[in-house]
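Here are some notes for a colleague who has not looked at this structure before. Please read them with the model open.

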Amino acid sequence: MSDRVLVELTGGVLTATLNRPDKRNAIDTAMIDALLACLERADLDGDVRVVTLRGAGSDFCAGMDLHELLASADKSVADNRRAALQFAEIFIRMRRLPKPVVAAVRGRALAGGCGLATACDLVLAAASATFGYPEVQRGFVPAIVMTLLRRTVGEKVAFDLAATGRVLAAPEAGQLGLVSRVFPDAEFDNGVTSVVQSLAAASPTALAFTKQQFYQLDGLSFEEGLRLGADVNAVSRTTPDFRAALQAFLKK
């Protein structure tokens with residue numbers, strides 16, 4: 001595993017730490033490759049129950065590496081498309097991974113870094129954290145993350161954030177739905193630990209079904225969504241996790 005992303009597995013929680021603190025954890029090609037390798041490990045390793053993504057140092061991630069981005073101006077459209085698709089593959093694998101992915105955000109989560117956070121299933125933020133998509137202010141477009149952003153916060157808010165590039169404090173990001181929970185800075189680490197440990201202690205089968213159904217609902221009609229829910233309900237009743245958990249509850 002590249003030192004661009006430090007990986008540690010403890011108690012079912014795989015913590016992936018973006019490791020370029022001197023560059024505010026800017027995303028370069030090596031980091032993209034390391035994140036993809038980390039997600040592959042999380043998928044294949046049965047000991048992994050939940051993935052936590054965080055940044056080394058004082059920031060989560062300030063976005064793409066600007067020097068690498070500037071160099072892309074001299075490359076062909078085809079080359080740049082291949083690089084963009086490689087970055088998009090991170091979001092696809094996060095979505096397909098049958099285990100929760102949690103962003104633990106301190107400091108700045110901007111541009112592609114905000115996209116990484118938005119792609120996670122849960123976003124936990126320190127109160128002093130900031131979020132934003134300032135690409136337009138640099139003559140660029142938050143193109144890859146647009147799909148995630150629009151689905152997360154809705155059309156009007158997403159356009160506001162993408163077109164103005166304004167940066168949000170964590171409490172406002174929480175109010176808009178970009179952040180799941182906001183913790184006071186002094187309570188952030190304990191808050192994150194509590195959430196991820198509760199996920200790690202939950203039934204892996206139930207969480208996998210929950211995540212799969214949750215994202216399959218995109219694009220389904222009301223009736224189709226209910227039918228999907230009935231299918232998941234029926235199958236989940238036959239799992240060993242369901243039987244064991246219900247029997248344990250009834251014995252209380």
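1. Between them, domain 1 and domain 2 bury about 710 Å². Carbon and sulfur atoms account for 56% of that area. The model is a predicted one, and these are values computed from it.

2. For orientation, the domain assignment places domain 1 at residues 5-201 and domain 2 at residues 204-251. In the contact, domain 1 takes part with eleven residues and domain 2 with six residues. The C-alpha centres of the two domains are 27 Å apart.

3. How many salt bridges does the rule find across the interface of domain 1 and domain 2? There are three. The count of residue pairs in polar contact across this interface, with both residues at pLDDT 80 or more, is six. By class, the residues of domain 1 that touch domain 2 comprise six nonpolar and five charged residues, with no polar ones.

4. The largest cavity holds about 50 Å³ of space. Which residues line the largest cavity? The lining consists of Ala16, Leu35, Cys38, Leu39, Val51, Leu53, Met94 and Val101.

Definitions and conventions. Residues are numbered from 1 along each chain as its sequence is written. This is a predicted model: local features need pLDDT of at least 70, side-chain atom pairs count only at pLDDT 80 or more; totals for chains, interfaces and linings use all residues. Side-chain values use heavy atoms; hydrogens and water are left out. Domain bounds come from an automatic or database domain assignment. Contact means heavy atoms within 4.5 Å. Buried area is the accessible area (1.4 Å probe) that two parts lose on being put together, summed over both. A salt bridge is a side-chain nitrogen of Lys or Arg within 4 Å of a carboxyl oxygen of Asp or Glu. A polar contact is a pair of N or O atoms within 3.5 Å; within protein, one must be able to donate a hydrogen and the other to accept it, and residues adjacent in sequence count only if both atoms are side-chain atoms. Ala, Val, Leu, Ile, Met, Phe, Trp, Tyr, Cys and Pro count as nonpolar, Asp, Glu, Lys and Arg as charged, and the others, Gly among them, as polar. On a 1 Å grid over the protein atoms alone, a cavity is a set of points where a 1.4 Å probe fits but cannot get out, and a pocket is an open set with protein on both sides within 12 Å along at least five of seven lines; lining residues have an atom within 4 Å of a point. Grid points are joined across faces, edges and corners, and a volume is the space filled by probe spheres set on the points.
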